[in-house]
Amino acid sequence: MADEHVDKDRRRFLTGVTTGVGAAGVAAAAVPFVSSMTPSAKARAAGAPVLVDIGDLEPGKLLKIEWRGKPVWIIKRTQEMLDSLETVQDELADPDSDREQQPQYAQNATRSIEPEVLVLVGLCTHLGCSPLEKLKPGELDSDWQGGFFCPCHGSKFDLAGRVYKNVPAPTNLEVPPHRFLSDSRVEIGVDSVEEDLA
Ligand code: FES
C-alpha cells in the first residue's frame, strides 16, 4: 500500500517535470528515467504478493501456488495432523524452530498463524529439490506420522515442515511472509508485522 502511494506521488512528480520542459528536454530525460526505473519495476512484479482463496481447501489437503518463482504450499491440517507434531518432537533437528526459517509470528509450536493452516516454501533446504507430500501416517514407512520426503537425498520433514535429525537438509522448510485477510483469504509475500509498522 505504502509503495503504491509513493509510486503514485513519484509518477505525478515525474509527469509534472516532463510537461514543464520542452520536447528536446523530454527526449533527453526520458532515457535515463526509463533505464533507471525498469529494474525496480521488474523487481516489484517478481516480488508481488499473491492472494490465495483457501475457502474450498479441505482439511488434510494441500494447495500449491507460486510466489517469486518458488512453489508455496498451503496445507489445512486436521486435528490428528496437529497432534502428530508432538509425537515426533524428539526426532527433529530443530523442533522449536530456533533457526531463522520463519517470521516471528510462525515461531511457535505449529509454525503458523492459525494452527490449522500451514504455509511453506516447497523447496528442500539441502539443495533445493521439491519434497514429495507424504501427508498420511504410514505413507513412507511404518513409523511415519505424515509430512514431506525429499527424493533427491532422503531428507524428511514433519507436518510443520520441521526437518528430522540425521538427514542432509540442515534446516526446517521456510515459512514465507504471509497474513490472513479473512478466514478464507491468505496473502503470501506480505508480512503483517512489517505492514503494521509501516
Ligand atoms: S535436495 Fe533434498 S535432500 Fe538433498
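Predicted model: local features only at pLDDT ≥ 70, side-chain atom pairs only at ≥ 80, totals over all residues.
In which order do the 3 strands of the open sheet that includes β6 stand, and is the pairing parallel or antiparallel? The order is β5-β6-β7, and the pairing is antiparallel. Residues are numbered from 1 along each chain as its sequence is written, and side-chain values use heavy atoms, with hydrogens and water left out.

**Figure 1. Overview of the protein chain, with 4 helices and 9 strands.** Helices (H or I, at least four residues) and strands (E, at least two) are DSSP runs, numbered from the N terminus. In that direction the elements follow the order α-α-β-β-β-α-β-β-β-β-β-β-α. The protein chain comprises 198 residues, 34% of which count as buried. Buried denotes under 20% relative accessible area, exposed over 50%, and partly exposed the range in between, for a 1.4 Å probe and protein chains only.

**Figure 2. The antiparallel open sheet β5-β6-β7.** Two strands are taken to pair if DSSP finds at least two bridges between them. Strands β6 and β7 run antiparallel and are joined by 2 bridges. Phe 149 has Lys 156 in β7 as its bridge partner.

**Figure 3. The antiparallel open sheet β1-β9-β8.** This sheet also consists of 3 strands. Its edge strands, β1 (50-53) and β8 (178-182), each pair on one side only. Neighbouring strands are turned by 25° against each other on average, direction ignored; the axes are lines fitted to C-alpha atoms, for helices over the stretch in contact, and angles run from 0 to 180 degrees between N-to-C directions. Strands of a sheet pair through backbone hydrogen bonds, either parallel or antiparallel.

**Figure 4. Strand β9 and its partners β1 and β8.** Strand β9 covers residues 185-188 and pairs with β1 in the antiparallel sense over 4 bridges. Across this pairing, Val 50 has Ile 188 in β9 as its bridge partner, while Leu 51 stands opposite Glu 187 in β9. The pairing of β8 with β9 is likewise antiparallel, over 4 bridges. Here Phe 180 stands opposite Val 186 in β9. With 2 residues between them, β8 and β9 form a hairpin.

**Figure 5. The disulfide between Cys 129 and Cys 152.** A disulfide is counted for a pair of cysteine sulfur atoms within 2.5 Å, and by this rule the count is 1 disulfide. The S to S distance between Cys 129 and Cys 152 is 1.9 Å. The torsion about their S-S bond is about -90°, so the disulfide is left-handed. Cys 129 belongs to the loop between β4 (117-121) and β5 (132-134), and Cys 152 to the loop between β6 (147-149) and β7 (156-157), so the pair ties together parts that are 23 residues apart in sequence. Cys 152 counts as partly exposed because its relative accessibility is 36%. Two further cysteines are buried: Cys 124 has a relative accessible area of 6%, and Cys 150 has a relative accessible area of 2%.

**Figure 6. Arg 111 in the loop between α3 and β4.** Arg 111 is buried, with a relative accessible area of 0%.

Figure 7. On a 1 Å grid over the protein atoms alone, a cavity is a set of points where a 1.4 Å probe fits but cannot get out, whereas a pocket is an open set with protein on both sides within 12 Å along at least five of seven lines; lining residues have an atom within 4 Å of a point. The lining of the second largest pocket consists of 14 residues, of which Gly 60, Met 81, Leu 135, Lys 136 and Pro 137 lie nearest its centre. Helix α3 (residues 79-87) contributes the largest share of this lining, 3 residues. By residue class, the lining divides into 5 nonpolar, 4 polar and 5 charged; Ala, Val, Leu, Ile, Met, Phe, Trp, Tyr, Cys and Pro count as nonpolar, Asp, Glu, Lys and Arg as charged, and the others, Gly among them, as polar.
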